[in-house]
Amino acid sequence: MAQSSRSSFRSNRRRAMSDINVVPYIDVMLVLLIIFMATAASVNPGIVNLPTVGGAKTQTLPPIFLSVDANENITVKREGESSQTLSRLELGAFARTQAEKSADQPVVLAADKSVKYEVVMDVMAKLKENGVKRVGLAVKSQ
């Protein structure tokens, strides 16, 4: 009887633990957190290398300004001329005549910020489809 009590005592003592020990995982996580915090502080994402335009040619032809207002009306303004209002259907004919005159004359497109992106892209696509090679976007400087 003494032997059976001894073996039952031994089996209770060697029973496997069914819980996961998470302390090492917490230690590793804290070390990784410290490493990431230290490297994030040393990395400066604000530096961007921009190309220089020292060799750019000066513009010989003045650009034509197209503006799209909040009601999606397109206004054309040429240097030294009065402004002209076009519909989206008339834009294709305007672009063709402009491309026939001078294909290298730039067109600068400005749009109201309430105009849908789709409308601006449609205007740019119509200009490109009808032979205008140089289309740019106007932005507001801060």
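Reader: Which residues line the largest pocket?
Author: A pocket is an open set of points on a 1 Å grid over the protein atoms alone, where a 1.4 Å probe fits, with protein on both sides within 12 Å along at least five of seven lines. Lining residues have an atom within 4 Å of a point. By that rule, the largest pocket is lined by Leu-109, Ala-110, Ala-111, Asp-112, Lys-113, Val-115, Tyr-117, Val-120, Met-121 and Leu-137.

Reader: What kind of model is this?
Author: Residues are numbered from 1 along each chain as its sequence is written, and side-chain values use heavy atoms, leaving out hydrogens and water. Local features need pLDDT of at least 70, side-chain atom pairs count only at pLDDT 80 or more, and totals for chains, interfaces and linings use all residues, for this is a predicted model.

Reader: What volume has the largest pocket?
Author: Grid points are joined across faces, edges and corners, and the volume is the space filled by probe spheres set on them. For the largest pocket, that comes to about 160 Å³.

Reader: What pattern does the protein chain follow along the sequence?
Author: Helices (H or I, at least four residues) and strands (E, at least two) are DSSP runs, numbered from the N terminus. The protein chain holds 4 helices and 5 strands. In order, they read α-α-β-β-β-α-β-α-β.

Reader: How far apart are the end C-alpha atoms of helix α4?
Author: The expected span is 1.5 Å times one less than the number of residues. For the 13 residues of α4 (residues 117-129), that gives 18 Å. The model agrees, with end C-alpha atoms apart by 18 Å.

Reader: Which residues in α4 are buried?
Author: Buried means under 20% relative accessible area, exposed over 50%, and partly exposed in between (1.4 Å probe, protein chains only). The buried residues in α4 are Val-119, Val-120, Val-123, Met-124 and Leu-127.

Reader: Which residues are exposed on the face of α4 turned away from its buried side?
Author: Cover on the buried side includes β1 (64-68), β2 (74-77), α3 (90-101), β4 (107-111) and β5 (135-137). The face turned away carries Tyr-117, Glu-118 and Glu-129.

Reader: What do the buried residues of α3 pack against?
Author: Those residues are Leu-91, Gly-92, Phe-94, Ala-95, Gln-98 and Ala-99. They share one side of α3, since their arc is only 160°. Contact means heavy atoms within 4.5 Å. The partners are β1, β2, β3 (84-86) and α4.

Reader: What phi does Glu-72 have?
Author: Most residues other than glycine have a negative phi. Glu-72 sits in the loop between β1 and β2. Glu-72 is partly exposed, at 32% relative accessible area. Though not a glycine, Glu-72 has a positive phi of about 65°.

How values were computed. The arc is that of the directions from the helix axis to the C-beta atoms.
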